[in-house]
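Here is a short briefing on one protein chain. Look over the sequence and the model before reading the points below.

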Amino acid sequence: MEPIQPQQRSAADQVFQQSLNQLEDILQESSTEEEEIPQLPQLDTSSLSEVEAQDLINIDLAALEDAVADIEQYLEEITKTK
């Protein structure tokens, strides 16, 4: 194996630094885009009774998964018939 020449090492270091700078730019752009995403409005539960508000908080995960599965099946059937 040949020893790495100082010039080759310097060139490799420059390329590596450029790559790091590009990655940093990409990450900064990505974080800026995430900040620009509008936040969904908070659910106003002040007009709901305590029981209604609690019902919204205690969503049955299994029922929600079943609903998603039903919607997916429906969309598949619609797509097949077209």
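Which pattern does the protein follow, read along the sequence? The pattern is α-α-α. This is a predicted model, and its secondary structure amounts to three helices and zero strands.

**Confidence**
- Mean pLDDT for the protein is 76.
- A value of 70 or more is reached by 62% of the residues.
- Helix H3 has the highest confidence, at a mean of 88.
- Helix H2, residues 50-57, has the lowest, at a mean of 64.

**Burial and surface**
- The protein has 82 residues, and 1% of them count as buried.
- Its accessible surface is about 8,200 Å².
- Carbon and sulfur atoms account for 55% of that surface.

**Negative patch**
- A surface patch of negative charge brings together Asp60, Glu65, Asp66 and Asp70.
- Asp70 belongs to helix H3, which runs over residues 61-81.
- Helix H3 is also the helix where confidence is highest.

Conventions:
Residues are numbered from 1 along each chain as its sequence is written. This is a predicted model: local features need pLDDT of at least 70, side-chain atom pairs count only at pLDDT 80 or more; totals for chains, interfaces and linings use all residues. Side-chain values use heavy atoms; hydrogens and water are left out. Patches are made of residues with over 30% relative accessible area and no salt bridge: like charges are joined within 9 Å, nonpolar side chains (Val, Leu, Ile, Met, Phe, Trp, Tyr) within 5 Å. Accessible areas come from the Shrake-Rupley method with a 1.4 Å probe; for residues, only the protein chains shown count as cover. A salt bridge is a side-chain nitrogen of Lys or Arg within 4 Å of a carboxyl oxygen of Asp or Glu. Lys and Arg count as positive and Asp and Glu as negative; His and the chain ends are not counted. The place of a charge is taken as NZ of Lys, CZ of Arg, CG of Asp or CD of Glu. Helices (H or I, at least four residues) and strands (E, at least two) are DSSP runs, numbered from the N terminus. Buried means under 20% relative accessible area, exposed over 50%, partly exposed in between (1.4 Å probe, protein chains only). pLDDT is the predictor's confidence in each residue, from 0 to 100.
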